[in-house]
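User: I have a structure open and have not looked at it before. Can you walk me through it?
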Amino acid sequence: MHQFSDEILSFYRQTQESQRLTNDVRGQIEFARTQEIITRYLPDPPAVVLDIGGGSGPYACWLAKSGYEVHLVDPVDLHVEQAKEASNQQPEHPIASISLGDARALRFSAMFADAVLLLGPLYHLIDKSERLLALREASRVLQNGGVMVAAGISRFASLLDFFCKDRLGNSVSRDIVQHDLETGYHRNPTENLEFFTDAYLHRPDELRSEVVEAGFQHQATLAVQGPTWLFKSVERYWMDPDQRAVVLDFIRKVEAEPSILGMSSHMLAIGTK
């Protein structure tokens, strides 16, 4: 039986992950862009989609409404309860199943799904061997020709956030950034939840190489937010529909640009079996 980090479980039991993608502009951009990229690569409904590490169900609910058969798995009991509540709010398009589980040992049979989403597991599995285990499990439950979408957090996210939030005077924050850059292993030694929790931060090429090593054919590694999350002006642009369209178009134009891919706080790697 795989054990999930107590620090990570505690973090998600204390924070409102269910509101993260809707409460502020950063989250809204992440949600909109992730939806856009998923839509681009998923087969047409009513395909079977496994949302592994699906949290409180924002993507699972959206996909269920779009006609997909969605099965959500998450290791956090609070998230499972929130996903059930969210599914109950759309009785005409419920999530097909919601269960407590771990990306490294899925209960689904081989070749069960047409698509697998790993929008959280890889950055909460610190050891490479554990990440490869999760990726290989995703491959096992996928049909031949199926698609896998995996999220990573950029190795440079905490550094960029450090300057964005003017934290030069904070010695704890400096130490966290220094450790992240040297090792890729993000740890929060404080009680301040703003400093996140245990995570592994990928370089873009590293995320790609893990997807390939797990046996997938790599299709793309794309920036989710691009550099937009670093600038206050984007909050104003996002409120205007015309300017929002421009923001999304500019992100799209540089989403695969290698020289700035690491500036995006989140990246998505797409692989096919």
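User: Which residues lie nearest the centre of the largest pocket?
Analyst: Arg20, Arg26, Lys165, Glu194 and Phe196 do, out of 33 residues that line the largest pocket. Keep in mind that this is a predicted model.

User: How much space lies in that pocket?
Analyst: The largest pocket holds about 990 Å³.

User: Which helices supply at least two residues of its lining?
Analyst: Helix 1, helix 2, helix 3, helix 7 (157-164) and helix 8 (171-183) each do. By class, the lining of the largest pocket has 13 nonpolar, eleven polar and nine charged residues.

User: Back to Phe196. Where does it lie?
Analyst: Phe196 sits in the loop between strand 6 (185-186) and strand 7. Its phi is positive, about 65°, although Phe196 is not a glycine. Most residues other than glycine have a negative phi.

User: And how exposed is Phe196?
Analyst: Phe196 has a relative accessible area of 23%, so it counts as partly exposed.

User: What about Asp166, what is its phi?
Analyst: Asp166 has a positive phi of about 55°, and it is not a glycine either. Asp166 is in the loop between helix 7 and helix 8.

User: Is Asp166 buried or exposed?
Analyst: Asp166 counts as exposed because its relative accessibility is 68%.

User: Changing topic. How many cavities of 30 Å³ or more are there?
Analyst: The count comes to one. The largest cavity has a volume of about 450 Å³. Its lining has 34 residues, and the closest to the centre are Gly53, Gly55, Leu119, Gly120 and Tyr123.

User: Which helix gives the most to that lining?
Analyst: Helix 2, with three residues. Among the other elements that give two or more residues to the lining of the largest cavity are strand 1 (48-52), helix 4 (58-65) and strand 2 (69-74). The lining of the largest cavity divides into 18 nonpolar, ten polar and six charged residues.

User: Which residues are buried in helix 9?
Analyst: In helix 9 (residues 204-213), the buried ones are Pro204, Glu206, Leu207, Glu210 and Val211. They fall within an arc of 170° seen down the axis of helix 9, so they line one face of the helix.

User: What do the buried residues of helix 9 pack against?
Analyst: They pack against helix 6 (128-141), strand 5 (142-154), strand 7 (199-202), strand 8 (217-223) and strand 9 (266-272). Just after helix 9 comes Gly215, with a positive phi of about 105°.

User: I also clicked on Val234. Which helix is that in?
Analyst: Val234 is in helix 10 (residues 233-239). At 6% relative accessibility, Val234 counts as buried, because the cut-off for buried is under 20%.

User: What is Val234 in contact with, leaving aside its neighbours within four places in sequence?
Analyst: Val234 is in contact with Val25, Ile29, Thr228 and Val247. Val234 and Arg26 are 208 residues apart along the chain, and their C-alpha atoms are separated by 8.9 Å.

Definitions and conventions: Residues are numbered from 1 along each chain as its sequence is written. This is a predicted model: local features need pLDDT of at least 70, side-chain atom pairs count only at pLDDT 80 or more; totals for chains, interfaces and linings use all residues. Side-chain values use heavy atoms; hydrogens and water are left out. Buried means under 20% relative accessible area, exposed over 50%, partly exposed in between (1.4 Å probe, protein chains only). Helices (H or I, at least four residues) and strands (E, at least two) are DSSP runs, numbered from the N terminus. The arc is that of the directions from the helix axis to the C-beta atoms. Contact means heavy atoms within 4.5 Å. On a 1 Å grid over the protein atoms alone, a cavity is a set of points where a 1.4 Å probe fits but cannot get out, and a pocket is an open set with protein on both sides within 12 Å along at least five of seven lines; lining residues have an atom within 4 Å of a point. Grid points are joined across faces, edges and corners, and a volume is the space filled by probe spheres set on the points. Ala, Val, Leu, Ile, Met, Phe, Trp, Tyr, Cys and Pro count as nonpolar, Asp, Glu, Lys and Arg as charged, and the others, Gly among them, as polar.
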